[in-house]
Amino acid sequence: MTQVPDAVAAFLSGRRIIVAGVSRAGSSPANAIFRKLKRSGYEVVPVNPNASKVEGQDCYPDIPSVPGTVDGVIVATHPSVSAGVASAALARGIRHIWFHRSFGDGSVSVEALQACRDHGVEPIEGGCPLMYCQPVDLGHRIFRWWLGRSHRVPT
């Protein structure tokens with residue numbers, strides 16, 4: 001088994017995680033992340049400004065409206081809104097923020113990464129929990145290996 005990077009291990013040690021960017025249709029990468037984390041025993045909170053329920057679970061319009069303590073945020077939105085999502089997470093004091101990316105830009109934006117760093121938070125840039133939550137399926141093992149060759153996953 002491949003070593004899990006320290007930042008990923010720290011992120012996954014939390015138990016309550018927001019997934020920003022889930023869709024009502026259920027076909028987005030955010031929904032796959034939502035389902036995998038849920039199956040892995042995490043308390044997962046969906047965020048989508050246009051949905052009140054996602055996959056049968058209450059969904060919140062934004063990070064400030066999520067009640068209770070949150071350990072981490074997966075940002076799986078369009079990069080044009082990822083800085084706003086990061087800023088909302090940082091305003092809540094959330095220290096673990098992961099920007100989803102496989103091919104292309106994913107959710108990563110320069111502004112979002114800089115917002116994190118300006119608050120003393122080192123974000124996870126690229127990849128996704130499906131590459132690390134056991135058991136990892138063959139497709140995500142291959143993605144992790146391939147994207148790792150171009151430094152597009154956490155190391």
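The second largest pocket is lined by 14 residues, among which Val 47, Pro 49, Pro 61, Thr 77 and Val 85 lie nearest its centre; a pocket is here an open set of points on a 1 Å grid over the protein atoms alone, where a 1.4 Å probe fits, with protein on both sides within 12 Å along at least five of seven lines, and lining residues have an atom within 4 Å of a point. The model is predicted, so that local features need pLDDT of at least 70 and side-chain atom pairs count only at pLDDT 80 or more, while totals for chains, interfaces and linings use all residues. Residues are numbered from 1 along each chain as its sequence is written, and side-chain values use heavy atoms, with hydrogens and water left out.

The volume of the second largest pocket is about 210 Å³, a volume being the space filled by probe spheres set on the grid points, which are joined across faces, edges and corners. Helix α3 (residues 79-91) provides the largest share of this lining, three residues, where helices (H or I, at least four residues) and strands (E, at least two) are DSSP runs numbered from the N terminus. By class, the lining of the second largest pocket comprises eight nonpolar, five polar and one charged residues, with Ala, Val, Leu, Ile, Met, Phe, Trp, Tyr, Cys and Pro counted as nonpolar, Asp, Glu, Lys and Arg as charged, and the others, Gly among them, as polar.

Leaving aside neighbours within four places in sequence, Ser 28 is in contact (heavy atoms within 4.5 Å) with Gly 21, Val 22 and Ser 23.

The structure holds zero disulfides, a disulfide being a pair of cysteine sulfur atoms within 2.5 Å. The sulfur of Cys 59 is 19 Å from the closest cysteine sulfur, in Cys 128, and is therefore too far for a bond. Cys 59 is buried, with a relative accessible area of 7%.

Note on methods:
Buried < 20%, exposed > 50% of the residue type's maximum accessible area, 1.4 Å probe, protein only.
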